[in-house]
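The following exercises concern a single protein chain.

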Amino acid sequence: MNFTSNKNIYRWIMISAAVIITSLILWNTYNFFQQLKENERRNIKEFGIAATDLQNQPLNANLGDLGITVMGNTTSVPMIVVNYKGEISSRNLPEGIESDTTKLKKLIEVYKKENEPIVTLFEEQPFITIYYGNSDLITKTKYYPMALVIIMLLFFSVIWFFYRSNKAGEQNKLWAGMAKESAHQIGTPLSSLVGWTTILRDTDVDPSYIVEMEKDINRLKMITDRFSKIGSIPKLTELDVVHQTRQAVDYIANRSSKLIIFEIDLPDQPIQVKLNEPLFEWVIENLIKNGIDAMKGKGTISVYLKADVYNVFIQIKDTGKGIPKSQWNQIFKPGFTTKKRGWGLGLSLAKRIIKDYHNGKIRVMESKKDQGTTFEITLNKA
């Protein structure tokens, strides 16, 4: 069993233990609540019996202290007492209610719903009926389980967010490590290629071949530079975003099939934005390449740039198969891909570059089945 499996087992053990403990607490709280209610009902019964005995004793009888003590101890439960004559009295109620018969009658109806009235008998006939509500202790105890559940939900929410953040951090480290390792691996043969082009210049090889080789070498250098910047904080420079966008689009357009039509609508005047040139161009190229893949090598790529007072908006649209709305957020997650041979890294890295490095936004603006998808990048003006 590997380490990841052990972590999953421990996680489920902890979750199960938390659920069991919470269930036991709720069960004990419920039993405690029921016991309190039963004790209060027993006290009310004793109060009724004591009140009946005291009211039916002769005037010169020796009452003793028991009945008076029992009645005096019932000070926490609000109650309304109705005797056989229909006379109403109350105990433990606010002053404004005790003297208001209308309010007392309304309160009787409320108490009937909360607790079953207690009827005491004298000579097998109803003598007094006691309507009672819940004491403050019962009321507070009643809401305790709810508060406990809310606390546990908050606790689990914190654990879940911590787990998600930790998992996202691990994934980011993984992708960053892969990118840096790729840059390192490319660097060795790249240095060798630079040396070979220098040697070839002294031979009879057609110079145009060497020029093309140097273009590819420069391209590899740029790719290496891009990969090496993933995982570190890149330097941002104030650049013309219109020029940078056009440069990235032109590069892809010159190397794409003639079946791909490029429609470019960019402003004539420059717009200054703080950018990291290789990483920004990587995002533009990545979105265009995804669009070309979605169109299966035939269709139209539209690139549109506009700006307002504070922001720049770059929209890249294809005429491909479209993306289901349920996947609009998932496509930016590392590892998610709809391609048979895809790694699911391109859009994840694009989001990281735009959001984390350039403090911007990238989103699916619109997508319709078999009509295409529009991505929008939002950047702050310099």
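**Exercise 1.** How many bridges join strand β1 (residues 79-83) to strand β4 (residues 125-132), and in which sense do the two run?

*Solution.* The model is predicted: local features require pLDDT of at least 70, side-chain atom pairs count only at pLDDT 80 or more, and totals for chains, interfaces and linings use all residues. Residues are numbered from 1 along each chain as its sequence is written, and side-chain values use heavy atoms, with hydrogens and water left out.

Step 1. Helices (H or I, at least four residues) and strands (E, at least two) are DSSP runs, numbered from the N terminus. Two strands pair if DSSP finds at least two bridges between them.

Step 2. Five bridges link β1 to β4, and the two strands run antiparallel. Within this pairing, threonine 129 of β4 is the bridge partner of valine 82.

**Exercise 2.** Which strands pair with β8 (residues 299-307), and in which sense?

*Solution.* Step 1. Strand β6 (residues 260-265) pairs with β8 in the parallel sense over six bridges. In this pairing, isoleucine 261 has threonine 300 of β8 as its bridge partner.

Step 1. Strand β9 (residues 311-317) is joined to β8 by six bridges and runs antiparallel to β8. Valine 303 stands opposite isoleucine 316 of β9. With three residues between them, β8 and β9 form a hairpin.

**Exercise 3.** Classify asparagine 286, isoleucine 331 and tyrosine 143 as buried, partly exposed or exposed.

*Solution.* Step 1. Buried means under 20% relative accessible area, exposed means over 50%, and partly exposed lies in between (1.4 Å probe, protein chains only).

Step 1. Asparagine 286 belongs to helix α8 (residues 277-294). Its relative accessible area is 15%, so asparagine 286 is buried. Leaving aside neighbours within four places in sequence, asparagine 286 is in contact with Gly346 and Leu347.

Step 2. Isoleucine 331 sits in the loop between β9 and α9 (346-357). Its relative accessibility is 7%, so isoleucine 331 counts as buried. Between isoleucine 331 and valine 364 the C-alpha to C-alpha distance is 9.4 Å, although they are 33 residues apart in sequence.

Step 3. Tyrosine 143 lies in helix α5 (residues 136-200). Its relative accessible area is 46%, so tyrosine 143 is partly exposed.

**Exercise 4.** Describe the chain as a whole.

*Solution.* Step 1. The chain has nine helices and 11 strands.

Step 1. Of its 382 residues, 34% count as buried.

Step 2. Among contacts between residues at least 6 apart in sequence, 68% join residues at least 24 apart.

Key:
Contact = heavy atoms within 4.5 Å.
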